[in-house]
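Notes below, in the order I looked things up.

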Amino acid sequence: KTLLRYFLLCNNQSGPLEHALIHYGASSGLIYTEVRKEFPVIEEIPFDSIRKRMTTLHRTPNGYLAITKGAPEFILANCHSYLDKDGSTRPLTHTMRHRLNEQIENYTANALRVIALGFCLHKSRPDNNSLESHLVFLGMAGLIDPPRPEAYAAVKSCQHAGIRPIMITGDHIDTAVAIARDLGILTDDTRAITGSQLSEMSDEEFAKVFKEISVYARVQPEHKTRIVSAWRKAGYVTAMTGDGVNDAPSIKSADIGVGMGITGTDVTKNVADMVLADDNFATIVAAVEEGRRIYDNIRKSIQFLLSSNLSEVISIFVSTMMGFTILLPIHLLWINLITDAFPALALGMEKGEADIMKRKPRSSNEGIFAGGMGFDCAYQGIMLAGVTLVSYFVGHYLESGRWEIVDSLDGMTMAFITLAMAEIFHSFNMRTQHASIFSVQGHNVYLYGSMIFSWVLSTGIVYMPVISDMFKFQHISFEEYVVAMGMAFSVIPIVEIVKFIQRKMRHQA
């Protein structure tokens with residue numbers, strides 16, 4: 001139990017690895033607090049990402065015990081002997097080093113994080129310069145830190161969404177490679193390098209090969225910033241995650257800095273753009289999906305409002321030029337307050353579309369009207385205005401039996417019903433910009449509610465005696481009402497036909 005006891009002595013509970021050693025010690029009958037009480041720490045050199053090791057100094061009856069634990073290659077480099085099974089100290093020969101390195105490679109190839117430990121017993125208190133020299137190699141431990149089950153699906157979602165996950169770690173390269181291959185981050189088309197290999201590359205050399213690299217192991221803080229800068233210079237949007245103080249520069253240099261809420265330091269959280277409350281990579285992917293959904297819904301609401309308002313402008317302009325009144329100002333105010341506002345708000349509650357995480361990321365320079373949205377607003381506004389104008393003339397014809405351009409209360413009432421309900425039906429078209437609305441999964445109860453609410457109110461003001469007089473509406477016949485509703489509903493098949501043609505054209509292109 002000497003190795004485990006020394007692992008507990010050289011342990012400040014600063015991370016998951018240290019806690020794992022403490023739990024393992026407890027299962028073997030070694031209680032962390034009792035071991036540390038027996039040989040209290042009188043000096044400590046904490047772990048950092050550059051040195052890759054930590055050292056503690058303890059006073060014992062036989063002298064001063066210095067214990068160093070850390071990355072095996074750094075520990076072995078400072079060891080000149082090792083403790084044999086019989087407790088005797090033997091020289092660390094080239095053959096023994098080779099055997100130990102083989103064992104390390106065996107552990108790391110199986111995705112184990114390997115931590116080694118060496119010690120030295122001093123007769124008098126050593127200075128800091130000699131604390132980590134002339135160590136006796138005692139042993140090493142392999143700890144499994146498997147990815148969370150949801151990480152596999154999260155990585156695949158990233159790749160489908162056009163997001164490239166890059167692993168940057170302080171672990172041994174073999175450990176990093178094993179985990180990255182398991183997750184699907186490292187493929188046959190990409191490779192892994194160490195921080196030292198990165199240091200040997202000039203900026204020009206790195207700029208040529210950085211896209212081929214998916215895994216960086218044994219990195220230093222400056223390496224992380226260099227990696228982020230390379231991707232940003234190439235025009236990519238970067239997101240960097242981290243938890244330590246040394247991660248702060250790279251997190252700040254990325255377009256989106258992500259700090260860890262549980263294990264992250266205050267420095268990291270302060271420079272981050274967002275903080276993960278659960279330290280879970282899958283949460284980042286969920287945030288990307290939610291962000292895409294919100295952006296989609298904003299576009300849907302804008303497209304709906306612009307096309308609806310454009311139809312009102314066109315209808316008023318055409319009727320004015322032809323010399324008749326299609327709608328009064330109070331009618332337009334009602335439509336804007338009721339049949340425009342509520343469906344627009346309901347579209348903001350729309351769930352994400354089925355292919356939302358299968359699209360490529362949009363360009364950061366892309367405007368709100370990209371992807372044909374400008375054309376869609378224009379033709380849909382013209383379409384809504386067209387059915388409204390047709391409804392006006394049909395209303396006058398059903399009233400008088402003549403096709404003529406004159407002011408008509410029946411025509412105005414039918415035009416109001418048609419435009420108000422056409423915008424409601426059109427809001428269902430906006431549930432998806434390109435796909436058929438009949439392929440949309442799930443239901444938007446808010447949109448259903450806004451439709452019923454607007455339909456009841458808009459029909460009510462036409463037929464309620466006092467209110468209809470205030471709005472100057474005619475009590476149109478049931479036949480006229482059905483025709484107006486039918487013309488309003490026609491916007492759905494019209495938009496479906498246009499969407500079908502657009503899909504065919506994009507597929508051929």
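This is a predicted model: local features need pLDDT of at least 70, side-chain atom pairs count only at pLDDT 80 or more; totals for chains, interfaces and linings use all residues.

I started with the secondary structure: the protein has 20 helices and 13 strands.

**Overall shape**

Along the principal axes, the C-alpha atoms fill a box of roughly 115 × 45 × 30 Å. I also looked up burial, and 48% of the 509 residues count as buried. Then contacts: taking those between residues at least 6 apart in sequence, 64% join residues at least 24 apart.

**The sheet of 7 strands**

Next I traced the strand order in this open sheet and wrote down β1-β2-β3-β6-β7-β4-β5, with mixed pairing. Which strands stand at the edges? They are β1 (41-45) and β5 (89-91); each has a single partner strand, so one side of each has no neighbour in the sheet. From one strand to the next, the twist averages 30 degrees.

I then looked at what packs on this sheet. Helix α1 (residues 2-9) does, and it touches β1, β2, β3, β6 (112-122) and β7 (135-144). The direction of α1 makes about 85 degrees with that of β7.

I zoomed in on one strand pair here. Strand β2 (residues 53-60) and strand β3 (residues 63-70) run antiparallel and are joined by 8 bridges. As a landmark I noted L57, which stands opposite A66 in β3.

**The sheet of 3 strands**

This open sheet goes β11-β12-β13, and the pairing is parallel. Its edge strands are β11 (239-242) and β13 (274-276), each pairing on one side only. Ignoring direction, neighbouring strands are turned by 25 degrees against each other on average.

How many bridges pair β11 with strand β12 (residues 256-260)? I found 4, in the parallel sense. One landmark to click on is A239, whose bridge partner in β12 is I256.

**Helices α19 and α20**

Last stop was helix α19 (residues 478-489) and helix α20 (residues 491-508). Their axes come within 4 Å and cross at roughly 20 degrees. Angles under 35 degrees count as roughly parallel, and α19 and α20 are therefore roughly parallel to each other.

Which residues meet here? On the α19 side I listed M487, A488 and F489, and on the α20 side V491, I492 and P493. The residues of this contact divide into 6 nonpolar, no polar and no charged.

Methods: Residues are numbered from 1 along each chain as its sequence is written. Side-chain values use heavy atoms; hydrogens and water are left out. Axes are lines fitted to C-alpha atoms, for helices over the stretch in contact, and angles run from 0 to 180 degrees between N-to-C directions. Helices (H or I, at least four residues) and strands (E, at least two) are DSSP runs, numbered from the N terminus. Angles under 35 degrees count as roughly parallel, over 145 as roughly antiparallel, 65 to 115 as roughly perpendicular and the rest as oblique. Contact means heavy atoms within 4.5 Å. Ala, Val, Leu, Ile, Met, Phe, Trp, Tyr, Cys and Pro count as nonpolar, Asp, Glu, Lys and Arg as charged, and the others, Gly among them, as polar. Two strands pair if DSSP finds at least two bridges between them. Buried means under 20% relative accessible area, exposed over 50%, partly exposed in between (1.4 Å probe, protein chains only).
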